Amino acid sequence: MAVHDVAAALLILLYAALFRWAFRVLPRDGWQVLATVPQARRPDGRWRGLNLTYYGAFTASAVVVAVALAIVLLGSVAVPFDAILWLSIERISSSMCFRWASPVNWPLSLRHARRTIACKAHS
């Protein structure tokens with residue numbers, strides 16, 4: 001058995017254990033919100049805030065790992081770093097435009113409307 005077979009088997013076991021834990025634990029109430037950032041105080045003394053979720057943290061981490069992997073792999077075939085960076089920024093920004101411009105997330109403020117219009121102008 002070659003070293004790469006052992007590494008692949010270990011990765012399969014690691015991900016199987018991780019997914020088993022994640023699908024069992026993460027849907028629970030205590031794992032929905034990672035943190036809350038206060039935005040404004042209401043007249044009744046309560047705060048309005050922005051919830052940061054574990055799902056968002058995991059997604060952001062996945063994007064960072066994917067870009068790092070793209071830099072390593074494309075760099076190994078002699079693609080210039082500025083081209084890799086441009087491609088990464090373009091892919092991330094276009095996915096953000098699709099999210100902001102979708103009918104489900106209709107803009108609720110002037111700032112979001114401007115961002116949506118700017119994204120639609122680029123497509």
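Colleague: In this predicted model, why is Leu11 called partly exposed?

Modeller: Leu11 has a relative accessible area of 46%. Buried means under 20% and exposed over 50%, so Leu11 falls in between and is partly exposed. Leu11 sits in helix H1, residues 3-25.

Colleague: What makes Leu11 part of a nonpolar patch on the surface?

Modeller: A patch residue needs over 30% relative accessible area, and Leu11 has 46%, so Leu11 passes that cut-off. The nonpolar patch is formed by Leu11, Leu14, Tyr15, Leu18, Phe19, Trp21 and Phe23, with about 750 Å² of accessible area together.

Colleague: Why does Arg48 count as partly exposed?

Modeller: The relative accessibility of Arg48 is 41%. Arg48 is in strand S2, residues 47-53.

Colleague: Which residues is Arg48 in contact with, leaving aside its neighbours within four places in sequence?

Modeller: Those are Pro38, Gln39, Ala40 and Arg42; contact here means heavy atoms within 4.5 Å. As for Val37, its C-alpha is 8.7 Å from that of Arg48, and the two are 11 residues apart in sequence.

Colleague: What lines the second largest pocket, and which helix gives the most to the lining?

Modeller: The pocket holds about 300 Å³ of space. Lining residues have an atom within 4 Å of a pocket point; among them are Leu18, Phe19, Trp31, Thr53, Tyr54 and Phe58. H1 and helix H2 (54-76) each supply at least two residues, and H1 gives the most, with 5 residues.

Notes:
Residues numbered from 1 in each chain as written. Predicted model: local features only at pLDDT ≥ 70, side-chain atom pairs only at ≥ 80, totals over all residues. Heavy atoms only, no water. Patch = residues over 30% accessible without salt bridge, like charges linked within 9 Å, V, L, I, M, F, W, Y side chains within 5 Å. Areas by Shrake-Rupley, 256 points an atom, 1.4 Å probe, with all protein chains shown as cover. Salt bridge = Lys/Arg side-chain N within 4 Å of Asp/Glu carboxyl O. Helix = DSSP H or I, 4+ residues; strand = E, 2+ residues; numbered from the N terminus. Buried < 20%, exposed > 50% of the residue type's maximum accessible area, 1.4 Å probe, protein only. 1 Å grid on protein atoms, 1.4 Å probe; cavity = no way out; pocket = protein on both sides within 12 Å on 5 of 7 lines; lining within 4 Å. Points joined across faces, edges and corners; volume = space filled by probe spheres on them.
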